[in-house]
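Please open the model in your viewer and keep the sequence beside it. This tour goes from stop to stop, and at each one it says what to select and what is there.

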Amino acid sequence: MSFDGSLRGSIQITDHKIFAAIEAELARQRDQMELIASENYISREVMAALGTVMTNKYAEGYPGHRYYGGCANVDVVENIAIERLCQLFQCKFANVQPHSGAQANLAVFYALMSPGDTFLGMGLDMGGHLTHGAAPTISGKWFRPIPYGLDADGIIDYDQVQKLATEYSPKVIVAGASSYSRKIDFRKFREIADAVGAYLFVDIAHYAGLVVAGLYPSPMEYAHVVSSTTHKTLRGPRGGVIMTNDEKLAKKINSAVFPGVQGGPQMHSIAAKAVAFGEALEPEFRQYAENVLNNSIAMAQRLQDHGLDVVSRGTDCHLSVIDLTKLKLNGKQAEEELEKAGITCNKNSIPFDPLPPSQTSGIRLGSAAMTTRGLGTAEFRKIADLIYTVLSNHGRDEYADIREQVRAETLALGQSFPLYGD
C-alpha cells in the first residue's frame, strides 16, 4: 500500500482481483446497450471528484455547525453543492447529504410522520417505488400506506387519489414514480393534499434532469417537500437530495437526515454532486435532456409500430414500460435474453400484473445512458428493432443464431459511440 505524497498506489498491482472485476465491468458497460432507466454514465470530472481525499474527512453536522474539526474545506464544497442545487430547481432550501434516494425518502417520512401515520403512494405494481409504501420496506412496515393506481388508459387515477384522500385523511400524499412514463399533474396533487390537510411530498428521482431542463413539470411550486436521486437523468453520482421552500420544514428535514437516519456525510460524494450540478447548469445540459426525451419517444413509438403495447400508450419522459403479454415470454426471460444479445434492461411489472415481481409481464426501457454516449433517434429506433427481433423470435428453432446476430449488431453500435475514450 502507498501512503506517500505521490498518491500513486495502483490496485492493478496491489489488488489484481478487484482491478480485474472493475476492468470487466468497464468492458461490459462499453459493449452493452444500457437501457436501464435508473442508470447513466457520469463524466470523468464527476468520477474524479468521487476519488478525491474528500472521502477521508468525517463531517457530521452541517456547514458551520460540525461535530468534528478540520471541516473548512468540506464546508466550502457542501455550500457550493447546496447553492447549485437550489439554482437548478429554483428552491430556497436543500439538503445534499442523503446517501441515496431511499435514504432521502426515509428522512422525509421521518420528518413529516410518526410511526403508524397514514400516507398515500402510488402502488408498486402501478409504477410506484419501493419506498412509497411497499410491504417489505420501512415505509410499508412503520407507516400505513394506502396505494393508488392508474386508470384504464394507464394515467394516474386522480379521482381515486381524491377519494382515498377523503376516506383516509392521510398525513402525507406521495407523488412520483419509478416506472410511470407520463407527466404528473402536481397542481392537482396539491389541491387534493390541501383539501385534506396533508403534506404533498414529490419524489422526482427519475425526472429530475428533465425538470431542470424545463422538459417535465417542476413540482417546486406545489410540493411541501421534493426528493430526488442525483444519478438517473440528472447524470451525477449515486446519491440523494431533499428540497423545500419552507424554512421550518427545512430545519426538520436537516434533523431527520442527521442525526435522524444518517451519521457522517460522504464528502467525496457531495463533491461529485456539486460537480454534476455545475454541469447541469450549463446550456449543453438542456440539449442533452432534449435528446433523452426525443430518443425515448422514438424508441417507444418504434416498438408500438412493431405491435407491442406500451403502458400508458407512450411516454413523456426518459422511460417506457413495454407490455409483453402478446409474446411467449415474461419480463424475467426477456431481460435475460436481451442481455445475452447485448441489451441491458430490467423486468418490470405492468398495471394489474398477473405475474409476481420475480417474473413480471413487462420490461422497462430508458434512454438516458445511451444518449450520454451520443446515440440519436435513428440509433434508438434501431435498438427498438433489435429488441423486437429478439423478443419476437424467442422459441424458434433458429433463435440462437438470430440472437447472436443481434449481439454482433449491438457490439458494433457500441463501438461506434465510445465510452470513456475506448
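Select Thr360, which is placed in the loop between β14 and β15 (362–366); helices (H or I, at least four residues) and strands (E, at least two) are DSSP runs, numbered from the N terminus. This is a predicted model, in which local features need pLDDT of at least 70 and side-chain atom pairs count only at pLDDT 80 or more, while totals for chains, interfaces and linings use all residues. Residues are numbered from 1 along each chain as its sequence is written, and side-chain values use heavy atoms, with hydrogens and water left out.

Thr360 has a positive phi of about 70 degrees although it is not a glycine. Is Thr360 buried or exposed? Thr360 has a relative accessible area of 1%, so it is buried, where buried means under 20% relative accessible area, exposed over 50%, and partly exposed in between (1.4 Å probe, protein chains only).

Now select Ser169, in the loop between α7 (158–168) and β7, which also is not a glycine and has a positive phi, of about 45 degrees. Most residues other than glycine have a negative phi, and most peptide bonds are trans. With that in mind, go to Phe258 and Pro259, where the peptide bond from the one to the other is cis, with omega near 10 degrees; Pro259 belongs to helix α10 (residues 247–261).

**Stop two: salt bridges**

Side chains of opposite charge can pair when their charged atoms come close. The structure holds 17 salt bridges, each being a side-chain nitrogen of Lys or Arg within 4 Å of a carboxyl oxygen of Asp or Glu.

Select Arg182 and Asp316, whose side chains meet in a salt bridge with 3.0 Å from N to O. Arg182 lies in the loop between β7 (172–176) and α8 (186–196), and Asp316 in the loop between β11 (309–310) and β12 (319–323), so this pair ties together parts that are 134 residues apart in sequence. Arg182 counts as buried, at 19% relative accessibility.

Next, select Glu335 and Lys347, which form a salt bridge with their closest N and O atoms 3.9 Å apart. Because Glu335 lies in helix α13 (residues 331–340) and Lys347 in strand β14 (residues 346–348), the pair ties together parts that are twelve residues apart in sequence. Lys347 is partly exposed, with a relative accessible area of 27%.

In the bridge between Arg28 and Glu34, the closest N and O atoms are 3.8 Å apart; Arg28 is partly exposed at 26% relative accessible area, whereas Glu34 is buried at 3%.

**Stop three: enclosed spaces**

A search of the whole structure finds two cavities of 30 Å³ or more. On a 1 Å grid over the protein atoms alone, a cavity is a set of points where a 1.4 Å probe fits but cannot get out, and lining residues have an atom within 4 Å of a point. The largest cavity holds about 80 Å³ of space, and of the 13 residues that line it, select Met126, Ser179, Val311, Val321 and Pro351, the closest to its centre.

Methods
On a 1 Å grid over the protein atoms alone, a cavity is a set of points where a 1.4 Å probe fits but cannot get out, and a pocket is an open set with protein on both sides within 12 Å along at least five of seven lines; lining residues have an atom within 4 Å of a point. Grid points are joined across faces, edges and corners, and a volume is the space filled by probe spheres set on the points.
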